[in-house]
Amino acid sequence: MFDVSLYGNITFDRIINKELTDNTVGSIGNVWRYLNYINPKLKINLQPTDFGEALILINEDTAERASTTNMSLYNRKPKIQKSKWNHIAYLNQIQDLSFISKINTGVISADICRGNHLQDIDVLKEINYLFLADEDIFMDIADIVNLVKDGLILHHSGGSSCFIKNMSSFNTEVDVLENINVLGCGDMFVSFFINGYLDSNNFKQSIQNSHNSVTDYLKREIKRKSHEKN
């Protein structure tokens, strides 16, 4: 059995900011990279369903990003593997969501990115936990919580609000950082959470630890770039 299976979009990302231009692998490639950074011992099954490209402009001065994408130049049917955790990125950018009903082991989480509307709202009934950035809210929060199996994690630059069916809703707060590259922060947060929850089975603590870990990572990046400039 795998620890984590990753399904969904994988992209060739062309990243531009005022300091550099770079090419990298995005979407589930980001989650794979962070999971390997956090815990190299994890057994990860990587199953792209849609292959695409993205052009991403980053403004670190304002901690903003903008992009134009074609997330599904071509697609393939994934091979479903037994896993403790299954994460899907991004529900609203995948051409064929029928594979989700074939996942019959472990927890299923997913996220949604900006861009296309989610065409099949009923697919949320197959998702245990939905991760959603506050800027990407696509319908009433209460309706989302009613649809998903276990809950919604609504995250933003200062933390998150969690609406979980088997516990009281709660908020988590962290420092808001300035002058950072926000690209991939959502994927990083998901990666820290998956690893933390698999290790501890403590939902609330895993959320808080994940936010703290992302903040620490970004602070180290800010310090590293400051040293490079000097």
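Which backbone oxygen does the side chain of Asn92 reach? The close-ups below start with that contact and then move to other parts of this predicted model. Local features need pLDDT of at least 70 and side-chain atom pairs count only at pLDDT 80 or more, whereas totals for chains, interfaces and linings use all residues. Residues are numbered from 1 along each chain as its sequence is written, and side-chain values use heavy atoms, with hydrogens and water left out.

**View 1. Asn92 and its polar contact with Cys113.** The side chain of Asn92 reaches the backbone oxygen of Cys113 at 2.6 Å. A polar contact is a pair of N or O atoms within 3.5 Å; within protein, one must be able to donate a hydrogen and the other to accept it, and residues adjacent in sequence count only if both atoms are side-chain atoms. Asn92 sits in the loop between strand S5 (83–89) and strand S6 (107–111); helices (H or I, at least four residues) and strands (E, at least two) are DSSP runs, numbered from the N terminus. With 5% relative accessibility, Asn92 is buried (buried means under 20% relative accessible area, exposed over 50%, partly exposed in between; 1.4 Å probe, protein chains only). Neighbours within four places in sequence aside, Asn92 contacts Ile112, Cys113, Arg114, Gly115, Asn116, His117 and Leu118, where contact means heavy atoms within 4.5 Å.

**View 2. The cis peptide between Ala89 and Tyr90.** Have a look at the bond joining Ala89 and Tyr90: it is cis, with omega about -5°. Tyr90 belongs to the loop between S5 and S6. Most residues other than glycine have a negative phi, and most peptide bonds are trans.

**View 3. Ser27 in strand S2.** Ser27 is not a glycine, yet its phi is positive, about 65°. Ser27 lies in strand S2 (residues 21–27) and is buried, at 5% relative accessibility. Opposite Ser27 stands Ile10. S1 and S2 pair in the antiparallel sense over seven bridges (two strands pair if DSSP finds at least two bridges between them), and a hairpin through four residues joins S1 to S2.

**View 4. Asn201 between two helices.** Here is another positive phi in a residue that is not a glycine: Asn201, at about 60°. Asn201 is found in the loop between helix H3 (185–200) and helix H4 (203–229). Is Asn201 buried or exposed? Asn201 is exposed, its relative accessible area being 57%.
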